[in-house]
Amino acid sequence: MRYRSNDTPPTRAEIDRIIFHKGPSDDDESRLSGFLRRMRSACFLNAKKPLSPLSRLVAQYAKDGLVLFLGAGVSYESGIPNWSELSRELLLKAGVEPNGIEAVRKALPSYIAQFELAGQILGSRGFVEGVYRALYGNLKCKSQLESIPVKWDDQKDWPGWSRVLGALKPNKTLEAVGNLLMFGEGMDLRRNPQVHAVLTSNVDNLLELYCLAKSRGKRVLTWIDRASVGEHPDETPVYHLHGFLDARRDNLLKSVSEEPLAGDLQEITDELLPDLIFRESEYYESIASPVSFINHTPQSFFRRFNVLFIGTALEELNMRRWLHDSFQERVQHRTKFLREFYRKRYADAEYEAALTSMRHFWLRPNTEVDSDQARKRWRVPQDAVQRVMSNLGVQVVWCRDYDGIRDCLNQVRRSGDSPGFGRQPAPYRS
């Protein structure tokens, strides 16, 4: 039988006063000790004061670690296009006239429908090739990345890693995320155990190549784009939910012979083309199966870990559905526990359950750029965004702009790093 308490549970007004305003009083410490213990465990309080969203993120990173979810904003500064730019390039490659792009977009406002149109015109190989060329066509350091040896044995002592690292470093967001994934310096670099995994909707592999360059060819990441690829205990898994295309064309080429000479490569066959989830038909086929890679993977991580969203607008409908489902399930079970714990005397049990179930974080800039109005900046209504995201279990960490996002990542690293993470015995109470 579960332990039950005769203590008086907190009211909603008391929860708001303690968590969002003044912190606990001496009277609260004696009267609401169980509630305060739960709030400190959920990183809403330190010893005496409420934690800001950023301080709470740092505390969760130090205590339980994080899963990172990365969007297009992480690679954008390197010249990788966003979804709007990518769809435009593919429609042009499919033969749509430049002056007809807007008409197509009005008729097919969904990006996946636009990709479907381009795919039907270009065919499977033409579409994959088109995505590759549109993806890396404006890459600022394309020549440096293409010089990286494809074979693992050739990478270990390759002298060009410093050039690649220097070419990728101007993207400060990519640099901040890459640095968060590693501990140590030089050849002593190892995976950061406080980052359990990386999920990304990006199909580029700039993050992996940055980490390879910084570690001088040492693998600290495992690239996973399908269910048949397993994790490695000494490497952080990076899940490419929509597939990935190597900037070096590695997964668009194959060896002519078992021991190829330098440059002795040819196009791979259609059967071995990378699996991409861009087109409407591909999207529905993947989402329709509850056990598919793209469906099961994020749901599993959202239920089990604290997730930090970086460089994404969090607009994708299925992403929001997965967040909502995991949040509501957690609230439901937590509410039942609290009501039983307080012998069914806790009128605001669901309010506390929803608060402690808000366990994911989103680095969000205060201002955005409206490309349809000559790149005019507008200020994001913070209260409206936080209200909606709270119903998905996400706490917004507001940053002044995209430079502020990088500052937040650096602060998480400076204040929350724990080199012995996961190696100490659990702090059981005596």
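Buried here means under 20% relative accessible area, and in this predicted model Glu116, with a relative accessible area of 10%, is therefore buried.

**View 1. The salt bridge between Glu116 and Arg279.** The side chains of these two residues meet with an N to O distance of 3.3 Å. Because Glu116 belongs to helix H7 (residues 111–136) and Arg279 to the loop between strand S8 (265–267) and helix H13 (280–288), the pair ties together parts that are 163 residues apart in sequence. Arg279 is buried as well, its relative accessible area being 12%.

**View 2. The salt bridge between Lys172 and Glu175 in helix H11, with an N to O distance of 3.5 Å.** Lys172 is partly exposed at 39% relative accessibility, whereas Glu175, at 15%, counts as buried.

**View 3. The salt bridge between Lys156 and Asp153.** The closest N and O atoms of this pair are 3.9 Å apart. Lys156 is partly exposed, with a relative accessible area of 42%, while Asp153 is exposed, with a value of 54%.

View 4. Thr356 is buried, with a relative accessible area of 12%, and its side chain reaches the backbone oxygen of Ala353 at 3.3 Å. When neighbours within four places in sequence are left aside, Thr356 is in contact with Met39, Ala42, Phe44 and Arg334.

Technical notes
Residues are numbered from 1 along each chain as its sequence is written. This is a predicted model: local features need pLDDT of at least 70, side-chain atom pairs count only at pLDDT 80 or more; totals for chains, interfaces and linings use all residues. Side-chain values use heavy atoms; hydrogens and water are left out. Buried means under 20% relative accessible area, exposed over 50%, partly exposed in between (1.4 Å probe, protein chains only). A polar contact is a pair of N or O atoms within 3.5 Å; within protein, one must be able to donate a hydrogen and the other to accept it, and residues adjacent in sequence count only if both atoms are side-chain atoms. Contact means heavy atoms within 4.5 Å. A salt bridge is a side-chain nitrogen of Lys or Arg within 4 Å of a carboxyl oxygen of Asp or Glu. Helices (H or I, at least four residues) and strands (E, at least two) are DSSP runs, numbered from the N terminus.
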